[in-house]
Amino acid sequence: MKRALFPGSFDPLTLGHVDIITRGVTLFDEVIVAIGVNADKNYMFSLEERKRFIEDAFKDEPKVKVVTYKGLTVDFCHDIGAEFILRGLRNPADFEFEKAIAHTNRHLSTIETVFLLTAARTSFIASSIVRDVIRNNGDYTKLVPDSVRVKP
C-alpha cells in the first residue's frame with residue numbers, strides 16, 4: 001500500500017489544502033492528513049475543531065484518514081508505515097522552505113517527499129490569510145471548504 005502523510009497545522013483547512021488532498025488520493029492508496037501539535041504555537045482553532053473540519057470535508061473519501069501527532073514528522077511516518085510525505089507548493093518561497101525540510105527528512109530517514117503544485121485558483125490562499133480575514137470579519141467562506149465555519 002502506498003501511504004502518504006500530509007502534515008500541517010491546518011489552522012484552518014483551506015481550499016488549497018483540499019486541492020492537494022483531493023489530488024493526492026489519485027496518487028496514493030491512502031492519504032493521512034496529520035495535524036501536528038506544537039505547544040509553542042497559538043492556534044485560532046482548537047485541535048478538535050481542526051480535526052473535525054478535515055474529517056467533515058472528506059467524510060465521503062475513504063482513502064483520507066485524519067490523525068494528530070507530536071514530534072518529528074519522519075518518526076511519525078515510520079510509526080504508521082507511511083513511505084511518502086505529501087506537500088503543496090504555492091510559490092517559489094514555499095519551494096525553498098519545503099526543499100530544506102525535504103532534504104533534512106531524507107538525511108534523517110528514507111522517506112520521500114512528493115510535491116504537488118497548487119491549482120492556480122487556490123495558489124494565493126494561506127491559512128494565515130484566512131485567519132486575518134476571519135479576525136477582521138471578512139467573507140472567509142470563499143477560501144475554505146463548507147466544513148470550516150466560525151461560530152458567530
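Which strands does helix H1 lie across, and at about what angle does H1 run to E5? In this predicted model, helix H1 (residues 15-24) lies across E1, E2, E3, E4 and E5, and its angle to E5 is about 120 degrees.

Those five strands make up an open sheet, paired in parallel and ordered E3-E2-E1-E4-E5. E3 and E5 sit at the edges with a single partner strand each, so one side of each has no neighbour in the sheet. From one strand to the next, the twist averages 30 degrees. Take E2 (residues 30-36) and E3 as a pair: they run parallel and share six bridges. Ile35, for its part, has Thr68 in E3 as its bridge partner.

Thr118 counts as buried because its relative accessibility is 15%, and buried means under 20%. Setting aside neighbours within four places in sequence, Thr118 touches Asp19, Ile20, Arg23, Leu89, Arg90 and Ser123.

Then there's the largest pocket, with a volume of about 1100 Å³. Its lining takes in 40 residues, and Pro7, Gly8, Ser9, Arg87 and Glu98 lie nearest the centre. E1, H1, H3, E4, H4, E5 and H5 each give two or more residues to that lining. H4 has the largest share, at eight residues. Here's how the lining splits by class:

| Class in the lining of the largest pocket | Count |
|---|---|
| Nonpolar | 17 residues |
| Polar | 16 residues |

Terms used. Residues numbered from 1 in each chain as written. Predicted model: local features only at pLDDT ≥ 70, side-chain atom pairs only at ≥ 80, totals over all residues. Heavy atoms only, no water. Buried < 20%, exposed > 50% of the residue type's maximum accessible area, 1.4 Å probe, protein only. Contact = heavy atoms within 4.5 Å. Pairing = 2+ DSSP bridges. Helix = DSSP H or I, 4+ residues; strand = E, 2+ residues; numbered from the N terminus. Axes fitted to C-alpha atoms, helices over the stretch in contact; angles between N-to-C directions. 1 Å grid on protein atoms, 1.4 Å probe; cavity = no way out; pocket = protein on both sides within 12 Å on 5 of 7 lines; lining within 4 Å. Points joined across faces, edges and corners; volume = space filled by probe spheres on them. Nonpolar A, V, L, I, M, F, W, Y, C, P; charged D, E, K, R; others polar.
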